[in-house]
Amino acid sequence: MKTIFTSLLPVSFAVLCAGTLGFFLPTSAYAEYSFHGRTFETQEEMQVYASSYLSVWKDLHGYPSNSTGASHKPIKTELEITTRNVTDITKEGVRFVGLIDFHKSKVARIWFEYGFTPNNLVYKTDSEVLKTKTGASPFDRKVLYLLPRTTYYYRAVGLNEHGTYDYGEVKSFTTGVDSSLDTALIRVRTGSATAVDNNRATLRGTIDFRKAEYSYVWFEYGEEESDLYRQTPKTLVYKLQGRNYEYPVMKLGDETPYYYRTVGQDSAGDLSYGKTMRFMTQRYVSNEKPKVVTNATKNVQAHSATVSGNVDMNTSRNGVAFMVYGEDQTAISTIARTNTRYKDIRPRGDVLQKVLLDADLDTYQMFTRTIQYLDLNTKHYFALGVEYEDAEGDDVLLMGKTQSFTTKKQ
């Protein structure tokens with residue numbers, strides 16, 4: 001009886017061996033069992049030989065000896081290419097960056113593929129031949145003449161002297177905007193960020209309304225210049241409110257670079273983009289005392305004025321934020337030296353007045369208040385302040401810079 005041994009082998013390897021090894025052909029009329037040109041007296045002898053043979057065959061062809069048919073990620077031994085994030089993004093150009101590990105390769109030709117969809121990378125950069133180096137080495141290519149405000153997909157590619165290809169991961173980026181192509185009735189510009197702390201910053205921009213009466217304005221921002229994936233709420237700003245616009249952003253990472261730009265939209269829905277700018281958040285410091293900023297005055301009238309500022313509690317909690325104003329500069333500038341708590345401040349008519357802004361402040365807050373019933377054509381002084389408890393448990397008043405304004409004549 002001739003017996004062909006198949007039932008004890010994994011299906012995947014039985015198929016491989018049947019096509020590759022001329023599997024289980026009998027070679028003698030007197031042999032009870034035959035395997036790959038050898039004959040055996042018993043099935044047990046053939047099984048021992050077949051197991052040893054397949055173990056060696058799998059090692060030679062890259063199959064793990066304990067394979068059960070499950071897929072395994074191949075270990076790259078000849079060439080390994082990695083796609084890195086792009087740099088130097090402009091409205092019409094970018095720098096592709098990749099990483100090559102030669103492993104056992106001696107030389108490799110590298111280039112980048114890119115296109116408008118991840119499955120159709122139809123464009124290629126110029127290639128370059130690199131010689132083997134120890135460890136992973138970066139390489140890059142500058143590409144120009146791209147379309148503005150367009151998302152591209154790309155990957156790094158390598159080919160070694162043995163004809164082995166390796167491809168990096170497909171990534172994407174978006175080119176910058178070309179403000180000269182904006183068709184909006186308005187124009188926006190991006191200003192420098194202020195009040196930058198370890199986890200927040202105030203983004204600023206300006207609006208050129210031209211003949212428009214209003215505009216929607218917001219900021220786009222993110223950790224990478226190529227991916228401004230976060231945005232502030234769209235704000236309706238009227239021309240009568242002025243051309244300056246700002247918005248605080250929170251929950252940022254400490255010691256992290258951020259990129260941002262101003263975006264405006266006119267009544268027809270057309271967009272205007274400001275230049276992309278950058279700032280770096282500060283390092284987190286434990287037991288850092290609060291920060292108080294008093295801004296310059298806006299909208300000064302004969303008997304009123306709008307004042308603003310911000311208080312950042314940092315690591316302190318339960319702060320009492322307030323504002324003081326009056327016609328006596330000394331009374332305003334000496335508040336922190338003569339008082340330790342907000343409730344200790346005594347109003348004195350035109351000389352000194354106080355306004356409570358927040359009785360339990362724990363984080364960062366911007367404040368804007370319009371003070372009224374002022375004397376006309378008179379110089380006034382004001383400042384923001386905060387009461388907090390220091391590391392020793394003592395109540396302390398901390399004041400921002402004293403600012404001044406003069407009310408208009410009737």
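I count two strands as paired if DSSP finds at least two bridges between them. Helices (H or I, at least four residues) and strands (E, at least two) are DSSP runs, numbered from the N terminus. The model is predicted: local features need pLDDT of at least 70, side-chain atom pairs count only at pLDDT 80 or more, and totals for chains, interfaces and linings use all residues. Residues are numbered from 1 along each chain as its sequence is written, and side-chain values use heavy atoms, with hydrogens and water left out.

**Entry 1: a three-stranded sheet**

I looked up strand S13 (residues 201-208) first. S13 pairs with S17 in the antiparallel sense, over six bridges. Thr-202 stands opposite Pro-248 in S17. I then took the whole sheet. It is open, has three strands in the order S12-S13-S17, and its pairing is antiparallel. Strand S12 (187-190) and strand S17 (244-249) are the edges; each has a single partner strand, so one side of each lacks a neighbour in the sheet. On average, neighbouring strands here are turned by 25° against each other, direction ignored. For such angles, axes are lines fitted to C-alpha atoms (for helices over the stretch in contact), and angles run from 0 to 180 degrees between N-to-C directions.

**Entry 2: aromatic rings**

My pair rule covers rings of Phe, Tyr and Trp (its six-membered ring) with centres within 6.5 Å; planes under 30 degrees apart are stacked, over 60 edge-to-face, the rest tilted. By this rule I get 19 aromatic pairs. One of them is Tyr-152 with Phe-173, stacked at 5.7 Å centre to centre and 15° between the planes. Tyr-152 lies in strand S9 (residues 151-160) and Phe-173 in strand S11 (residues 171-174), so this pair ties together parts 21 residues apart in sequence.

Tyr-152 is buried, at 3% relative accessibility. Phe-173 is buried too, at 1%.

Next I checked Tyr-165 and Tyr-167. Their ring centres are 6.2 Å apart and their planes at 10°, so the pair is stacked. Tyr-165 is partly exposed at 44%, and Tyr-167 is partly exposed at 37%.

I also traced a cluster linked by ring pairs. Its members are Phe-96, Phe-112, Tyr-114, Phe-116, Tyr-123, Phe-139, Tyr-152, Tyr-154 and Phe-173. Tyr-123 is found in strand S6 (residues 123-124), and at 38% relative accessibility Tyr-123 counts as partly exposed.

**Entry 3: strand S26**

How many of the 11 residues of strand S26 (residues 379-389) are buried? Nine are, so S26 is largely enclosed by the rest of the structure.

I listed its partners.

- Strand S23 (residues 319-326) runs antiparallel to S26, joined by seven bridges; Phe-322 stands opposite Gly-385 in S26.
- Strand S28 (residues 403-406) is joined to S26 by four bridges, also antiparallel; Tyr-381 has Ser-404 in S28 as its bridge partner.
- Strand S27 (residues 395-399) pairs with S26 over five bridges in the antiparallel sense; Glu-387 stands opposite Leu-397 in S27.

Key
Buried < 20%, exposed > 50% of the residue type's maximum accessible area, 1.4 Å probe, protein only.
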